[in-house]
Amino acid sequence: MSRITFIIRIIFCVIILFILYILVAGHFYYVQIVRNSELYTKARRLYTSVKNQKGQRGRIFDVSGHLLVGNIPCADIIVDPKHCGDDLKCRRTAVKFSKILGQPAADIYKSISTKKKGKLEIRYKVIERDVSLESAEKIRNVINEEKINGIFIEEKYKRYYPKNELLSNILGLTSSDDNGVKAINGIEKFFDKQLTPTKAVSSYERDRKGAPLAYGRKNIMHERDGNDIFLTISEPIQVIMEEELEHLVEKYNPRAAYAIMADPFTGNVIALAQRPTFNPNERKDITPEMWRDRYITDVFEPGSTMKGISIAGALDYKVVTPSTRIDCEKGRWFYAGKLLRDSHPYDVLDISEIVKYSSNIGTAKVALMLGEKRLYQVLRRFGFGQKTGIPIQPEATGSFRKIENWDKLSITRFPIGHGISCSPMQ
């Protein structure tokens, strides 16, 4: 081989090596610079774990700190049917799960063996919600024994009402689904924003077995529990009220009954109960009639209970005093061409006796002394025709006509509780 040929070959090899170097350098540039963000993200997915955490829903207590609503740990059993194994394995798993969960084996088999529904591939199904931790542990043992890859246990908390029926209509209900906890009614719904916990998403670099790396990059966030709620209700008084209301219902068998106790100085509700009611821990037999909050939705004419309110206004305006005497017309009195009666033929009664004997005529005459404008102001200040503001919805306002819509009889009928309506809470 001549010297010239040798030099040509050397040059050719150098050119080839230079081209290869350019190609490799270009590839490195393309991978490390152009696709850096894309490939870095893919790589992080392989060695980074993401953990979703959520705090507990806020609890509800009575005025003294007695727990009325709390949380207990439980679990949802989730399945990805694509990874549950062959038909024989699914049937064997379904039988074992059935003994633990109390579900028919056929229903469980249908859940874990279903791979397609039409053209839609099912990758997520809930076998059972709110399973006790004891049952969840038994399910976990079956998963390990059968070496099942497609069934998962998601631990969480569920709402628990330790007093069962006590105060259930006021406390309300929650339900849970794939989107989380949903408040249905009562205190649970009104204060849902305050009771709802915050979520936290934490990420950390891990090894092949999933353990966090001590020197790896971490982004740890902490979840926060929902706020606790303290009611003005006193549990001991509530217990007594519900027992007495239950005796009343057993004796008279009414369609509905309710009782409310409030502090006359502050207006705070101390006890509140109704029948029918329900046990929020056992929901299979609950009907809408049971959870309807009748004490704020039912309305009726208040009748003679209005008399004290009207007379209170007359005393406040100093139109009368407790010793002012009113002629009650021996139980029969015509006003605006209409007869008004008393249950007994009373003669002259003072204000205290009008209240004591519940005289329609005496109260109507006091209202006339008070006058339409001041009577209207008194009834409005006592809250008729307005919501009370109790933190439960929906609340009825009742009916109370504006003064321009009163007729000639209104001033004698409203004070004795006719022609006006209100809820038990009002």
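These are my notebook entries on a predicted model of a protein chain.

**Ground rules**

I number residues from 1 along each chain as its sequence is written, and I use heavy atoms for side-chain values, leaving out hydrogens and water. Since the model is predicted, local features need pLDDT of at least 70 and side-chain atom pairs count only at pLDDT 80 or more, while totals for chains, interfaces and linings use all residues.

**Entry 1: the whole chain**

I started with the overall tally: the protein chain has 16 helices and 18 strands. Both are DSSP runs numbered from the N terminus, with helices being H or I of at least four residues and strands being E of at least two. Next I looked up burial, and 37% of the 426 residues count as buried. Buried means under 20% relative accessible area, exposed means over 50%, and partly exposed is in between, with a 1.4 Å probe and protein chains only. The accessible surface comes to about 25700 Å², and 55% of that belongs to carbon and sulfur atoms. Those areas come from the Shrake-Rupley method with a 1.4 Å probe, and for residues only the protein chains shown count as cover. I also checked contacts (heavy atoms within 4.5 Å). Among those between residues at least 6 apart in sequence, 69% join residues at least 24 apart.

**Entry 2: helix 14**

How many of the 11 residues of helix 14 are buried? I found nine, so helix 14 is largely enclosed by the rest of the structure. Among the buried ones are Asn360, Ile361, Gly362 and Leu370. After the helix comes Gly371, whose phi is positive, near 90°.

I then picked out Lys365, which sits in helix 14 (residues 360–370). Lys365 counts as buried because its relative accessibility is 15%. A polar atom of the Lys365 side chain lies 2.8 Å from the backbone oxygen of Asp327. I list that as a polar contact, a pair of N or O atoms within 3.5 Å; within protein, one must be able to donate a hydrogen and the other to accept it, and residues adjacent in sequence count only if both atoms are side-chain atoms. Leaving aside neighbours within four places in sequence, Lys365 is in contact with Ile326, Asp327, Glu329 and Trp333.

**Entry 3: helices that pack**

I moved on to helix 15 (residues 372–381), whose axis comes within 6 Å of the axis of helix 14, crossing at roughly 110°. That makes the two helices roughly perpendicular. My cut-offs: under 35 degrees is roughly parallel, over 145 roughly antiparallel, 65 to 115 roughly perpendicular, and the rest oblique. The axes are lines fitted to C-alpha atoms, for helices over the stretch in contact, and angles run from 0 to 180 degrees between N-to-C directions. Ala367, Met369 and Leu370 of helix 14 meet Arg374, Leu375 and Val378 of helix 15.

Helix 15 also has helix 12 (residues 307–316) beside it: their axes come within 9 Å and cross at roughly 115°. In this pair, Ile309, Ser310, Gly313 and Asp316 of helix 12 meet Leu375, Val378, Leu379 and Arg381 of helix 15.

Elsewhere, I saw helix 3 (residues 87–101) and helix 4 (residues 105–113) pack at about 130°, with axes 8 Å apart. Helix 3 and helix 4 are therefore oblique to each other.

**Entry 4: two buried loop residues**

Is Trp406 buried or exposed? I have Trp406 as buried, at 10% relative accessibility, in the loop between helix 15 and helix 16 (410–413). A polar atom of the Trp406 side chain lies 3.0 Å from the backbone oxygen of Arg401. Beyond four places in sequence, Trp406 touches several residues, including Glu372, Leu375 and Tyr376.

Gly150 is in the loop between helix 5 (133–146) and strand 7 (151–160), and its relative accessible area is 0%, which means buried. Gly150 and Val79 are 71 residues apart in sequence, yet 5.6 Å apart in space, C-alpha to C-alpha.

Most residues other than glycine have a negative phi, and most peptide bonds are trans. I noted a cis peptide bond joining Arg275 and Pro276, with omega about 5°. The bond from Gln393 to Pro394 is cis too, with omega near -5°. Asp130, in strand 6 (residues 125–131), has a positive phi near 55°. Ala336 also has a positive phi, near 55°, and is partly exposed at 45% relative accessible area.
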